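Work through the exercises below with the model open. Each task is followed by its solution.

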Amino acid sequence: MTGSPESRTTWVVGASGLLGTSVRRAAADRGDRLYLAAIPWHEPDAAVEALVRAAAGLPEHNWRMLWCAGSGVVGSSPEKLAGELDVVGRFLEQWRPSTDGAVFLASSAGGVYAGSAAPPFTEETVPVPLSPYGETKLRTEGLFAAFAQRVGVPLLTGRFSNLYGPGQDLSKGQGLISLLLRAHLTGVPLDIYVPLDTMRDYLYADDAAAMALAGLEYVAADRNSRTRILASEQSCTIASVVGEIRRITRRRPPLVLSPSANARFQTADLRMHSVLEPSLRQYVRTPFAVGVQACLAAVETAMHVPAARG
């Protein structure tokens, strides 16, 4: 029993991040009752307590939980990543939800497939992470899978390609598109430590949220857990990203090709293709140029800069 959409309660964990903000907005737009809780992530013990307390407040019927949390990036230290994994594990050990619900976990396709062979990568590709970040994502998937099997709730693990969109946290050094736009506005060159022909699949955050919510309804309906690639399936090179920004702003964003130890965690080709849930592709609706323009407007606003496209 999943109940009617009008009675559906959706808990977004990590609701203030790039993906979480889009999920929260999309869930509200479809009429869900949003369930949010402040989590003190900088205090691990308090974070676990807050998560357990929030989980206890979920209704017995027709609930959804989407885990969009995580501040780790490819260059994060193993210690930081281990701390995040510990919070996840301790929380899941204590959560005993009713089975009339469903869980979504946001994972990273780039992280888990960085060392895999023969792109484009699909759900049938064997994950081979190269970095502690990718290894942590795979271990997080394992924790959620064990939890879902133990308590009897369906789980959708969504392996996202590179997310982008307004509201990217630039302090993390993540989000190539927004970082390039900041470089354009400030004139301070961005260090790029991979070749410009490096291929990535960029997925707009609002489209990612729509895919996550729709996919979660699939697993809630048939009660089967799944792992799916969620991607635009329209890969482009870093050079083409730079070219699109130049077309929009009429200036090439300043960048410098420079070496970095993190380069060893990157692969040249991260094309993605879903062979198990192709119907979710219908939710990829934002043209790349439109997404880049939205990011530019957001970065301008965040920096209190007037529109600078000429």
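The exercises cover a strand pair, the cysteines and a helix pair.

This is a predicted model in which local features need pLDDT of at least 70, side-chain atom pairs count only at pLDDT 80 or more, and totals for chains, interfaces and linings use all residues. Residues are numbered from 1 along each chain as its sequence is written, and side-chain values use heavy atoms, with hydrogens and water left out.

**Exercise 1.** Determine how strand β5 is joined to β9.

Step 1. Strands are DSSP runs of E with at least two residues, numbered from the N terminus; two of them pair if DSSP finds at least two bridges between them.
Step 2. β5 (residues 155-160) and β9 run parallel and are joined by five bridges.
Step 3. Opposite Phe160 stands Leu230 of β9.

**Exercise 2.** State how many disulfides the structure holds.

Step 1. A disulfide is a pair of cysteine sulfur atoms within 2.5 Å.
Step 2. The structure holds zero disulfides.
Step 3. For Cys236, the nearest cysteine sulfur is that of Cys295, 12 Å away.
Step 4. Cys236 counts as buried at 15% relative accessibility, and Cys295 counts as buried at 0%.

**Exercise 3.** Find the angle at which helices α6 and α9 pack.

Step 1. Helices are DSSP runs of H or I with at least four residues; axes are lines fitted to C-alpha atoms over the stretch in contact, and angles run from 0 to 180 degrees between N-to-C directions.
Step 2. α6 (residues 176-186) and α9 (residues 288-302) pack at about 55°, with axes 9 Å apart.
Step 3. Angles under 35 degrees count as roughly parallel, over 145 as roughly antiparallel, 65 to 115 as roughly perpendicular and the rest as oblique; α6 and α9 are therefore oblique to each other.
Step 4. Contact (heavy atoms within 4.5 Å) involves residues including Leu181 of α6 and Cys295 of α9.

Definitions and conventions:
Buried means under 20% relative accessible area, exposed over 50%, partly exposed in between (1.4 Å probe, protein chains only).
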